[in-house]
Amino acid sequence: MKGRSAPCLFIVAAVLVPLLLDPRGYWIRVLTITLLFAAMAQAWNIVGGLANQISLGHAAFFGIGAYTSTVLLLKFGISPWLGMFAGGALGGLAAFVIAIPTMRLQGHYFALATLAFGEVMRVIANVWTSLTGGPGGLSVPFVPPSFLAYSFKLLRPHAYIALAALIVVTVIFQAIRRGAMGYRLRAIRQNADAAEVIGIDTTRVKLFAAVISGALMAMLGTLYAQVAVFFDPDTVFGIASISIRVALIAIIGGVGTAAGPILGAFFIIPLEEIMNGLLSSRAAGLSQLVFGVILIAVILWQPRGFITALNSLRARLSRKGAP
Amino acid sequence: MPGSNSQGKVFLDRRAVLLGTAACLAAPYVISSARAATPAVNVGVIMPLSGPNAQFGINSRNGVELVADEINSAGGIAELGGAKINLVVADATSTPTTAGTTAQRLIAQQDITAVLGAFASSLTLAISEVTERRDIPLLTMSFADQITGRGYRNIFQVVAKASVIGKAQFEYTAAIAQAAGAKIEKIAIMYEDTAYGTAQANGLRAGAKAANVEVVMDDAYPLGITDTTPLINKLRVSGAQAVFPVSYLSDSLLIIRTMRQQRVTIPAIGGAAGYVIPDFEKGLGEFAENVLSIDTSNYDLAPELTDRFRKRFGYFMVHEALEHAVCLEIVVQAIKKAKSAKAEEVAAALRGAKFTGGWVNGMTGGAVQFDQTGLNVLSVPLMVQWRGKDIVTVWPKEIAKSAPVWRS
Amino acid sequence: MSLLQAIIDGLLIGGVYAVISIGLTLVYGVMGIVNFAQAEFLTIGMFVAWFAWAFLGLDPVIAAPLSFAVAFAIGWVVQGQLIARVLNAPSVAQIFLTVGILIVIENGSLLLFGSQFRSVTTAYQTVSLSLGPLFISVPYLIAFSMSLVCGVALWWFMRASWFGRAMRATAQNPAAARLMGIDAGLMYRMAFALGVGLTAFGGAVILPYVTVFPGVGGQFVVLMFTVVVLGGLGSVAGAVVGGLAVGVIQSLSALFFPIQLQNLVLFIVFILVLAVRPQGLVGASR
């Protein structure tokens, strides 16, 4: 199929590049964070793109994952791999709980409700000091490097784990989109009432998407905890640092498409890093400002994301090639 | 419909994407080739230059700049052939992850001898995760207990721990009250629910417990609170004889003003941060007079040094500026001792060592001595009091510049 | 007695919350867009008032109309150039356009004005009136009165003036309004500019007790959204009811719950309202 070559090339590049970068260095950290955010944006894409529910509170699941695996590690010595699945389960459960009251809400209302949930989780994490360490945050304890303990001396394994996560989440996204579930979600997106009439159980479908998205997001929280080693409620439950960012990445890249979050992440995060590197000491806030301007420009100019531009480019090129 | 497929727009789009990607890929080469071969000593300065702590970050940077400029204009570091200090300043922002990435970037882009930063404990903790693994010494005045509590070998904290500061905040108050003939039996604690506020409140509680004093009100409040009336209402009916607020600036102003409005006249003893910066007096005018606060250092202990700051920047040398100045001084002294600017060797020269002279005179005891956890064991908190537009050290008696005024 | 004091304090501050939030609900009511950048105009209003105080010696309450005017002008341009372009785009684009505007204004303020905290000193800042055992904070009372004036002025404008009626017509049915000769684009600009102007007005009015810095708007975002959702997105009367309600809830919750949880209480109210009665207390089902 025509679409195969790009993903294959990407995977080959993504596997080779970490080998070329300094394993203790800065760019491999940027790559790891980029891959991680691409995966997070892809998880968000499942509800934001396929179910068309703009969630501004996905940090709720992310933080649940990060805290679950780290607390289990600190209190019971459980390996973060197992903690990750525990976090995933809790994240899925949280998504279920959140989805029920918000299911029927439209567009802006849904966004506001999810925003509130994210903040509720942040406040709880801040207040429940005995469990979460409160505002002081948690440090992932240093254990001797081993795969089973999810502890590595260098950043390179983290980059590969992030890559694997991105691939897994993307495969799940594609499976949903192309499968019967995707067909149902599209139907609901077009016209929820008509979908009900033809027998689609909209509640069950939306819940399904929400739970998968939440569970995946939570598992990525564990990956983050292991890379960043230290975090606090503001970092993992943050509106600006997580919730808005992942949605933004998916949107700029192209919401609802598999390549969108990946494109978005590879554009936004390295760009932000470069700008911070060039500008941050000279004028605080300038890099963020430029970033905001770019966001506005992209929304006005290509609201369906970069992927639309690339698709139409490909269409134009293939038209040119036709006899 | 915006962005519809007119030819020109699509082309521009593709070019922008390609150029952007090319820039991303080329950047590391561009940046690393800028790694010049000048014999300068690179010291990383990572402070919050944006976000709610920006003011403190800027103050800190100013303190470091003052010392760096003094050393450079005096001919640089003689032991290294007159090498100048090159400050590599970066914004830690308000997110710990970004602070960590910033540290990583600094370390990757040039040979860093040491890092100074980052005022807020959460930022410092994140940076320390990076510097510890790269064997680069990090010097800080952040005081969360965790900073020196992880067994790290490359972290050096020049002030006392939060729990000690909190305890002193209470104990000094009790002593001052006693010296004025008043006895404190009931106190109120109110603090922001940040790492700083919570840590210091723990210390306050411990101090009160040890003295068998009842804490009749113990409330955390959300950072960014916009209305403190409920807090003060509660304070008024609690029967406390003294209140210990731990806050940054906007809440400190709110608290004092609301206390005034509600005619709550019990003494307020602040927990540093917002209570010891010029803006506190600017915001309150006459109502700042005689407000007490705990502090980790004060400019009146070494006016011959700190007046230079006031002359250059126009405001008194706030404690974070002074403490970071001391950090840079110590780094330079360690470089001289090790006769090298290599991070590992400087770190070795810092570990467990004692420093005196120069800007170190600004710290309590006129010296800094690090123990194996990296904590400066000679740093003693002090109590300051507002007199006009200045804050004056009033306790402990041995270092006080003036007797405390206790209005109860 | 503490109950009565808490209720009074809640009502006073609720009035201010109302005037800050009316703008948000007005914009949604007329254009169907939730302006996530609304709180940034609060920041703008506060900065304008602060500069008026620092350089012209004007009391912030007197400078409030100036804040209104500046924000009105900025809002007019923002709506015309930016928001108008996404009125028919998917909600995703609308939401994130206003998020982009939020980022630009907040960081623009940081660059222009620097990070330091600025506050004003006024004669009445630390004064309160005594009503028996009760205290009535004068700055809050003044803010409340100004909000009342503002609210009444807006009500009159929407009811009695041509512009107000034209805006309501456009909100109800843009196509019919156009047929009646109303320029919908103009109405949208008017509504948006008015909405952000009102929020900026509110900002000036609270300057005597709030310290301004580039991120100050963020401290009020939760409150603003809870107010409009509680009252009903789109309903101006709802914003008033919602504002007073939020003020009282916040104040009362401090009597029964730890103050640290005050935002949590608000969020839970917020979520409950969205789940059970999304149109709010006063709003009609859309």
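This is a predicted model: local features need pLDDT of at least 70, side-chain atom pairs count only at pLDDT 80 or more; totals for chains, interfaces and linings use all residues.

Me: What is chain A built from, and what percentage of its residues count as buried?
Reply: Chain A has 15 helices and two strands. Of its 323 residues, 58% count as buried. Among its contacts with a separation of 6 or more, 75% join residues 24 or more positions apart.

Me: What makes Ala228(A) buried?
Reply: The cut-off for buried is 20 or more other C-beta atoms within 10 Å. Ala228(A) has 23 such neighbours, so it counts as buried. Ala228(A) lies in helix H10 of chain A, residues 202-228.

Me: Which residues does Ala228(A) contact, leaving aside its neighbours within four places in sequence?
Reply: They are Thr97(B) and Gly100(B), both in chain B. Within chain A, the C-alpha atoms of Ala228(A) and Ile33(A) are separated by 9.4 Å. Those two residues are 195 residues apart along the chain.

Me: How many residues take part in the contact of chain B with chain A?
Reply: Chain B gives 38 residues and chain A gives 35. On the side of chain B, the elements that give two or more residues are helix H1 (7-33), strand S2 (85-91), helix H3 (96-109), helix H4 (121-133) and helix H6 (195-210). By class, that side has 17 nonpolar, 14 polar and seven charged residues.

Me: And how many take part in the contact of chain C with chain A?
Reply: Chain C gives 34 residues, and chain A gives 34. Helices H4 (91-113), H9 (218-231) and H11 (262-276) of chain C each give two or more residues to the side of chain C. The largest share, 15 residues, comes from H4(C). By class, this side has 26 nonpolar, seven polar and one charged residues.

Me: How do you know that the span of H11(C) is close to the expected one?
Reply: Set the two values side by side. H11(C) has 15 residues and reaches 21 Å from its first C-alpha to its last. At 1.5 Å a residue, 21 Å is expected. Its buried residues include Leu264(C), Phe267(C), Phe270(C) and Leu274(C). The buried residues of H11(C) pack against helices H4 (80-102) and H5 (107-127) of chain A, together with H9 and helix H10 (236-256) of chain C.

Me: Back to chain B. Why are S9(B) and S14(B) called edge strands?
Reply: The sheet is open, with four strands in the order S9-S10-S13-S14 and mixed pairing. S9(B) and S14(B) each have a single partner strand, so one side of each is left without a neighbour in the sheet.

Me: Which residues of S10(B) point which way?
Reply: Leu292(B) and Ile294(B) point one way, while Ser293(B) and Asp295(B) point the other way. All of them are buried. In a regular strand, side chains alternate between the two faces of the sheet.

Me: What sets Arg263(B) and Ala273(B) apart?
Reply: Most residues other than glycine have a negative phi. Arg263(B) has a positive phi of about 55°, and phi of Ala273(B) is near 50°.

Me: Where does chain B have cis peptide bonds?
Reply: One runs from Gly117(B) to Ala118(B), with omega near -15°. Another joins Trp395(B) and Pro396(B), with omega about 0°. Ala118(B) is in the loop between strand S3 (112-117) and H4 of chain B. Pro396(B) is in the segment after S14 of chain B.

Definitions and conventions. Residues are numbered from 1 along each chain as its sequence is written. Chains are lettered from A and ligands numbered from 1 in the order in which they are written. Two residues are in contact if their C-beta atoms, placed from the backbone, lie within 7 Å. Ala, Val, Leu, Ile, Met, Phe, Trp, Tyr, Cys and Pro count as nonpolar, Asp, Glu, Lys and Arg as charged, and the others, Gly among them, as polar. Two strands pair if DSSP finds at least two bridges between them. The expected span of a helix is 1.5 Å times one less than its number of residues. A residue is buried if 20 or more other C-beta atoms lie within 10 Å of its own, exposed if 12 or fewer, and partly exposed in between; C-beta atoms are placed from the backbone.
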